[in-house]
Amino acid sequence: MKWLVLAALLVSARPADARGCHERSHVVGYEHCTMFGLWSRDVDQPRLVLDVGYLHHRFTGEPFSLMSAARETMPATDLRTGASVPGVHRLLYSPGGLLYIGAEFGFGWLSRPPHVGADLSTSYGVFHALVGAHVNPIWRVSLGAELAAGGRVESMSECTSKPCPDSSELTQTSREIEARALVDLWMTPQLSLGVGYGRSLIADNDTTWMIYLGIHVRPMDGMR
Amino acid sequence: MRYVAIVVVASGCISYSRGSFVDYETFPGKRVALGGCLDLSVAMVEDNTATGRIVQFTFGNGCRQRVTVDLGSVRAYTTDGGGCQRWLTAYDPNHELVPLAIEPLWSASERIEYNDDNRDAPQSICVDVGGVDGGVARSERWVCMAQGEVR
């Protein structure tokens with residue numbers, strides 16, 4: 001949530017100031033960081049978006065073995081896992097119209113690691129390519145749907161005693177294809193707050209929740 | 001969830017309300033009713049870099065539909081020490097002053113410099129803002145102001 005507050009502060013004054021460009025004059029023709037008309041979605045600017053937010057992923061992990069447990073023998077319910085990614089980043093580009101493409105990545109940890117009877121240190125990473133469409137049918141709300149394809153990496157290490165002379169580590173990778181629905185609330189023409197819900201197309205009981213702040217180069221992405 | 005609620009409420013608070021002439025702060029300068037959705041105020045301001053007559057246009061769309069704002073339609077003149085009127089032109093080296101639509105219930109501002117070949121000290125200016133609101137028929141609406149004049 002700190003990311004959301006920080007991003008809000010950065011964009012609250014002038015968008016360009018957040019990039020480190022210090023404007024000496026706000027008079028048309030003298031501006032270096034901004035330009036006339038950045039309050040209108042019709043202004044000629046690239047449709048680029050940076051989303052920063054929080055992602056929570058619930059999934060069933062692959063069977064694994066560590067020193068204290070061999071999970072192959074355990075029921076699948078013990079492999080139910082939750083991952084928290086507090087700083088997921090999404091970079092999107094729209095060539096025009098409804099469609100957009102992009103990429104997202106983030107790193108976090110397993111907030112609900114599999115129960116193995118010992119302390120686990122965990123990490124989690126995700127990378128997705130994105131393709132989607134969005135519309136602005138209602139005043140300050142836009143709706144979107146997207147497909148996310150990529151993979152995740154989970155890493156776990158187990159210590160049976162401290163200090164840890166005999167640690168056991170493993171890293172797993174998994175492919176992911178996910179369909180998502182997104183809702184964005186526009187707070188200003190260049191700042192939106194969004195939530196998203198995704199469901200895997202290739203795995204059961206695999207869902208994602210996201211909340212993010214969107215910073216838009218072109219007001220409202222030039223959407224219609 | 002508490003933070004989400006705060007942001008949602010805050011986003012509602014920054015909506016522009018028709019006739020209020022207030023968004024984050026009160027619109028500076030003289031208020032002009034254009035007869036349409038657009039509320040406009042104009043003020044003559046100073047700038048560290050630009051040295052001509054600078055007018056700040058602050059406008060809010062009080063309707064639930066988009067409205068075209070045409071600041072390029074503004075005409076301006078100044079009266080010199082001899083009482084003669086001199087027409088001024090907007091400084092727009094990048095040809096940015098094109099009509100653009102503002103979203104419903106949002107507000108914004110722009111600063112534009114007006115000058116001519118005379119580099120005298122900027123003291124006063126009159127602007128015709130009758131064509132700024134693209135939603136109403138153009139008619140002459142002259143507003144005159146002086147440097148430092150707030151109201």
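**Aromatic pairs and the A–B interface**

In this predicted model, ring pairs join F36(A), W39(A) and F59(B) into a cluster.

Me: How much area is buried between chain A and chain B, and which residues of chain A lose the most to chain B?
Reply: The contact involves 28 residues of chain A and 36 residues of chain B. The area buried between the two chains is about 2800 Å², with carbon and sulfur atoms giving 64% of that area. In chain A, 26% of what that side buries comes together from the residues that lose the most area to chain B, namely Y30(A), F36(A) and W39(A).

Me: Which side chain of chain A meets E103(B) in a salt bridge?
Reply: Between chain A and chain B the count is two salt bridges. In a salt bridge with a distance of 2.6 Å from N to O, the side chain of E103(B) meets that of R41(A).

Me: Is W87(B) buried or exposed?
Reply: W87(B) forms a tilted aromatic pair with W142(B), at 5.9 Å centre to centre and 55° between the planes. This pair links W87(B) in strand β6 to W142(B) in strand β10 of chain B, 55 residues apart. W142(B), with a relative accessible area of 30%, is partly exposed, whereas W87(B), at 51%, is exposed.

How values were computed:
Residues numbered from 1 in each chain as written. Chains lettered and ligands numbered in written order. Predicted model: local features only at pLDDT ≥ 70, side-chain atom pairs only at ≥ 80, totals over all residues. Heavy atoms only, no water. Contact = heavy atoms within 4.5 Å. Buried area = accessible area lost by both parts, 1.4 Å probe. Salt bridge = Lys/Arg side-chain N within 4 Å of Asp/Glu carboxyl O. Phe/Tyr/Trp six-rings, centres within 6.5 Å; stacked < 30°, edge-to-face > 60°. Helix = DSSP H or I, 4+ residues; strand = E, 2+ residues; numbered from the N terminus. Buried < 20%, exposed > 50% of the residue type's maximum accessible area, 1.4 Å probe, protein only.
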